[in-house]
Amino acid sequence: MAFQAGAIEVIKRGGDRFIVAGNQSGQSDGGAIYNPYVGGGIVTPMSRTNEDVIIQMLSPGDPGYDNGLSARQVLGADWEAIVAEGTPNTC
């Protein structure tokens, strides 16, 4: 679910490629956090679990761009409809 939420948020911000930059402990109410001031952009799909995945959006020219995951491929052939629905509510 975190990969899907991350992929949706990356596409909504005009990107396609991303990597999993890590995780952090803590509890949240769902949704996603985006920090535009961090190089490359960090999208954090939040869940109600204690492990939140940190997704780093990659732009062409960023180190690792060619090896990054394609958000569109993660979401599959219906990626446009999935993005239009928005980040799933996991609550």
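Residues are numbered from 1 along each chain as its sequence is written, and side-chain values use heavy atoms, with hydrogens and water left out.

Let us begin with confidence. The predictor's confidence in each residue is given as pLDDT, from 0 to 100. For the protein chain the mean pLDDT is 75, and 65% of the residues reach 70 or more. Over residues 26–39 the pLDDT stays under 50, and the model has 33 contacts beyond four places in sequence for them; contact here means heavy atoms within 4.5 Å. Residues 46–50 also have pLDDT below 50, with 21 contacts in the model beyond near neighbours in sequence. Where pLDDT is low, the predicted coordinates should not be read in detail.

Now for the layout. The protein chain has three helices and five strands, and from the N terminus on its elements run α-β-β-β-β-β-α-α. Helices (H or I, at least four residues) and strands (E, at least two) are DSSP runs, numbered from the N terminus. Among contacts in the protein chain between residues at least 6 apart in sequence, 59% join residues at least 24 apart. Of the 91 residues in the protein chain, 33% are buried. Buried means under 20% relative accessible area, exposed means over 50%, and partly exposed lies in between, using a 1.4 Å probe and protein chains only.

Next, look inside. A nonpolar core is a set of buried Ala, Val, Leu, Ile, Met, Phe, Trp, Tyr and Cys residues joined through side-chain atoms within 4.5 Å. The largest such core has eleven residues: Ala-7, Ile-8, Val-10, Ile-11, Phe-18, Ile-55, Met-57, Ala-71, Leu-75, Ile-82 and Val-83. At least two of its residues come from each of α1, β4 (51–58), α2 (71–75) and α3 (79–85). With four residues, α1 gives the most to this core.

Leaving aside neighbours within four places in sequence, Phe-3 is in contact with Phe-18, Val-20, Leu-69 and Val-74. Its C-alpha atom is separated by 8.2 Å from that of Val-53, 50 residues apart along the chain.

Glu-9 is a charged-type side chain to follow by its partner. It sits in helix α1 and counts as buried because its relative accessibility is 7%. The side chain of Glu-9 makes a polar contact with the side chain of Arg-13, at 2.5 Å. A polar contact is a pair of N or O atoms within 3.5 Å; within protein, one must be able to donate a hydrogen and the other to accept it, and residues adjacent in sequence count only if both atoms are side-chain atoms. Arg-13 lies in the loop between α1 and β1 and, at 31% relative accessibility, counts as partly exposed. After α1 comes Gly-14, whose phi is positive, near 85 degrees.

Asp-16 is in the loop between α1 (2–12) and β1 (17–25). It counts as buried because its relative accessibility is 17%. Its side chain makes a polar contact with the side chain of Arg-72, at 2.9 Å. Apart from neighbours within four places in sequence, Asp-16 is in contact with Val-10, Leu-69, Ser-70, Ala-71 and Arg-72.

Arg-72 has a ring to look for as well: its charged end sits over the ring of Trp-79, 4.6 Å from the centre. A charge sits over a ring if NZ of Lys or CZ of Arg is within 6 Å of the ring centre and within 35 degrees of the ring normal. Arg-17 likewise lies over the face of Tyr-65, at 5.5 Å from the ring centre.

To finish, turn to strand β4, where Gln-56 is found. Gln-56 counts as partly exposed because its relative accessibility is 21%. Gln-56 and Val-20 are 36 residues apart in sequence and 6.2 Å apart in space, C-alpha to C-alpha.

Conventions: This is a predicted model: local features need pLDDT of at least 70, side-chain atom pairs count only at pLDDT 80 or more; totals for chains, interfaces and linings use all residues.
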